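This report looks at salt bridges, a pocket and a surface patch in turn. The sequence and structure come before the discussion.

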Amino acid sequence: PCAEALVRAGVGSVVIACEDPNPLVDGGGVSRLRSAGIGVSIGCLADEARALNPGFLRRMSGGLPWVRIKTGASLDGKISLASGESQWITGPEARADVQTLRARSSAVLTGVGTVIADNPLLNVRSAEVAIKSQGKLRQPLRIVWDRTLRTPPDSQLLSDASSNRCLLVFNGDAEIDLQRRLALEEKADLLPLAADAGPRELLGALANKGVNELLVEAGPGLTGSFLESGCWDEFWLYQAPRLLGEAGKSLAPLKSVQRLSDTLDFTVKDMRLVGGDIRLILTRS
């Protein structure tokens, strides 16, 4: 459609940062422009353009969403006290920053353990974000990895009428009580996966549903599973200047790390203060 509008407008030349990788497009717009005698230059600020829309480009070219993992932790790498108390480790500015991160995400993923323990909403609730969206705020799809469908039917995720329906991802081979499954199906959409499915299989299924950017906001088990799988692109760590002690829960129990040669190494893409906390955006080294 935009190519036809440019042809009708009689422009002399068009500069394109990067081409649309969608196979349904397949360079058709560029061909239409050139056939109309319009000069086309491709590649100006291509890297910068791709950085603006990483999820769509990743899904079109690689069949997977762009994945961000978000964790709030103390200086000693703890996400909660031994009792499970974790509200709030980081300050209000960091929490507001996460609201912006959710708002740009197609979907937010957590584990059923987090749902049972914290009863989260996982939606965008920031008035500031709503104002910036100018009435076009789109709530992300909320996803729970729940292999045996243990999500309480009365949880906030399933009772929140202001957001879209949740998606419960479960083991399609598991024996699940029929009445429980039917009760959950009334409030959520269900996505069965194979018993041995991991992060990559889940991401492939979500890409098929049109998810471009996935935000993982989960407990240590699911966070560790994604980190160890390598199926992630950015790790957003909000680090509070406080210590929770050795009895606290670690942000990710990495079972694969036995020696220094096994460690997961990161590159710091960005580091800044957000309120009184440090926000690190990390990528794989």
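## Salt bridges in the predicted model

A salt bridge is taken here as a side-chain nitrogen of Lys or Arg within 4 Å of a carboxyl oxygen of Asp or Glu. The model is predicted, and by this criterion the structure holds 15 salt bridges.

One of these joins Glu 213 to Arg 104, with 2.8 Å between the closest N and O atoms. The pair connects distant parts of the chain, since Glu 213 belongs to strand E9 (residues 213-216) and Arg 104 to helix H5 (residues 92-104), 109 residues apart. The two partners can also be described by their accessibility: Glu 213 is buried, at a relative accessible area of 5%, whereas Arg 104 is partly exposed, at 37%.

Asp 270 takes part in a salt bridge with Arg 272, where the closest N and O atoms are 2.9 Å apart, and in another with Arg 279, where the N to O distance is 3.2 Å. Asp 270 and Arg 279 are both buried, while Arg 272 is partly exposed, with a relative accessible area of 43%. Elsewhere, salt bridges with shared partners join Arg 68, Arg 104, Glu 213, Glu 234 and Lys 269 into one network.

## The second largest pocket

The second largest pocket has a volume of about 370 Å³. Its lining consists of 16 residues, and those nearest the centre of the pocket are Ala 51, Arg 68, Arg 104, Glu 234 and Lys 269. By class, the lining residues divide into nine charged, six nonpolar and one polar.

Several elements give two or more residues to this lining, namely helix H3 (46-52), strand E3 (66-74), helix H5, strand E10 (234-240), strand E12 (266-274) and strand E13 (277-284). The largest share, four residues, is supplied by H5.

## A nonpolar surface patch

Which residues form a nonpolar patch on the surface? They are Val 268, Met 271, Leu 273 and Ile 278, which together have about 400 Å² of accessible area. Strand E12 provides the largest share of the patch, three residues, and Ile 278 lies in strand E13.

Technical notes:
Residues numbered from 1 in each chain as written. Predicted model: local features only at pLDDT ≥ 70, side-chain atom pairs only at ≥ 80, totals over all residues. Heavy atoms only, no water. Buried < 20%, exposed > 50% of the residue type's maximum accessible area, 1.4 Å probe, protein only. 1 Å grid on protein atoms, 1.4 Å probe; cavity = no way out; pocket = protein on both sides within 12 Å on 5 of 7 lines; lining within 4 Å. Points joined across faces, edges and corners; volume = space filled by probe spheres on them. Nonpolar A, V, L, I, M, F, W, Y, C, P; charged D, E, K, R; others polar. Patch = residues over 30% accessible without salt bridge, like charges linked within 9 Å, V, L, I, M, F, W, Y side chains within 5 Å. Areas by Shrake-Rupley, 256 points an atom, 1.4 Å probe, with all protein chains shown as cover.
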